[in-house]
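Let us work through a structure together, one question at a time. Please look at the chains before reading on.

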Amino acid sequence: MFDTKFHANQEYGVKVVINKQDVTNPVKFKTKTTVSGSKDLNPNSVSPVLKTDLVIQLDTEFPYTLKREDFSVNATSTKDAAYIRYLNVIAVDDAKKTITAKFGGAWSGTFQMSIRHKAYGLVDTKDMILDVSSRITSISPKLGSIYGGTLVTITGTNFGTKKTDNPV
Amino acid sequence: MLVEIGNLPAVCHSMDCGFKYVPAVGEITGVEFKADTKVLTVTGTELPAKLADIQSLTFAQSPCTVAADATLDGKSITCTLSRNPTCGSWSPKVTTAFGNIAINAESVKEIAVACTIISAVPDSPLNLLGSDNITFTGTNFPHEIEGNTFELTFEN
């Protein structure tokens, strides 16, 4: 069962109107029996300001040999459908059926991932949500000398791995 | 006539920039189109009597060419479409140096040009979530996207 008006393995006709004129046609379409999905997004939470490589795991049964140029990946804000971030696909691994896409930053929020394959069409990405946020969860110690010299530890999520990524 | 360039009024140096509307010359009172030969015949009154007087003649989004040796009598023009017509309902458009020739709406009805779809590739299996690129092959499809309308509805 998919969240679409089409049903699996069913035949559909098409009504075509060009310049307000009905076009007679004998064309019948048949839908797939199933839709290939994506199983995992790693990481699924990233910093809004740091470039991050996202690894997307496709179904191992995905029916095409993976080629980088065949995929397009984007992330659409769940709050504003007009805010879309397009990601460059930088690598694929056909043996593992994974795609690696470069996330280049976005406003904080949650984003619905979308994957399209040139020949296959859309890959099912239902529930594949990317969390774009940085959070400070604690500061320790919370007291320090007015003359300085206190080493403060800031704990949180989605900080950069380089010192220069995290100016305080 | 007032001319503005970049929202600024332009000066008419010769002080002779008037534009005069004149009564339309000629009227199209009949149209016949033969789809098999792509020949269009326009009949009417005071139509261009010389080939040079016809600036353009189009029908169904296709230019229509009048033979260089054609004899024009001011009552009819016969031309051949230089490419396939586009489906839809159309009237011819004949333009002279004085603009478009009027069409008698009572005697000239738009001519319907049909189009057909022969095949669609791929037709199976289509992705349930969409985003398949489907190529339709057929006849009398529009030559450009702009200026045409397309509606496709899947139904079972």
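Predicted model: local features only at pLDDT ≥ 70, side-chain atom pairs only at ≥ 80, totals over all residues.

Student: What radius of gyration does chain B have, beside that of a compact globule of 156 residues?

Tutor: The C-alpha trace of chain B spans about 70 × 50 × 30 Å along its principal axes. A compact globule of 156 residues would have a radius of gyration near 15 Å. Chain B, in contrast, has 22 Å.

Student: How many buried residues are there in strand S15 of chain B?

Tutor: Across the 156 residues of chain B, 22% count as buried, where being buried takes 20 or more other C-beta atoms within 10 Å. Strand S15 of chain B covers residues 150–155 and is hardly covered. Among its 6 residues, the count of buried ones is 0.

Student: Which residue in S15(B) is the bridge partner of A:Val16?

Tutor: Strand S1 of chain A, residues 11–18, is joined to S15(B) by 6 bridges, and the two run antiparallel. Within S15(B), A:Lys15 stands opposite B:Thr153. The bridge partner of A:Val16 in S15(B) is B:Leu152.

Student: Which strand gives the most to the side of chain A that touches chain B?

Tutor: The contact takes 31 residues from chain A and 30 residues from chain B. On the side of chain A that touches chain B, the elements giving two or more residues are S1, strand S2 (21–23), strand S3 (28–30) and strand S11 (121–123) of chain A. By class, that side has 14 nonpolar, 9 polar and 8 charged residues. The strand that gives the most, with 8 residues, is S1(A).

Student: How many residues does the largest nonpolar core have?

Tutor: Those with the most contacts inside this core include B:Ile28, B:Leu40, B:Val42 and B:Val94. At least two of its residues come from each of S1 of chain A and, in chain B, strands S3 (27–34), S4 (39–45), S5 (56–59) and S7 (76–81). Leaving aside residues up to four places away in sequence, B:Val42 touches several others, among them B:Ile28, B:Leu47 and B:Val94. The number of residues in the largest nonpolar core is 24.

Terms used: Residues numbered from 1 in each chain as written. Chains lettered and ligands numbered in written order. Rg over C-alpha atoms; globule rule 2.2 N^0.38 Å. Buried ≥ 20, exposed ≤ 12 C-beta atoms within 10 Å, placed from the backbone. Helix = DSSP H or I, 4+ residues; strand = E, 2+ residues; numbered from the N terminus. Pairing = 2+ DSSP bridges. Core = buried A, V, L, I, M, F, W, Y, C linked by C-beta atoms within 7 Å. Contact = placed C-beta atoms within 7 Å. Nonpolar A, V, L, I, M, F, W, Y, C, P; charged D, E, K, R; others polar.
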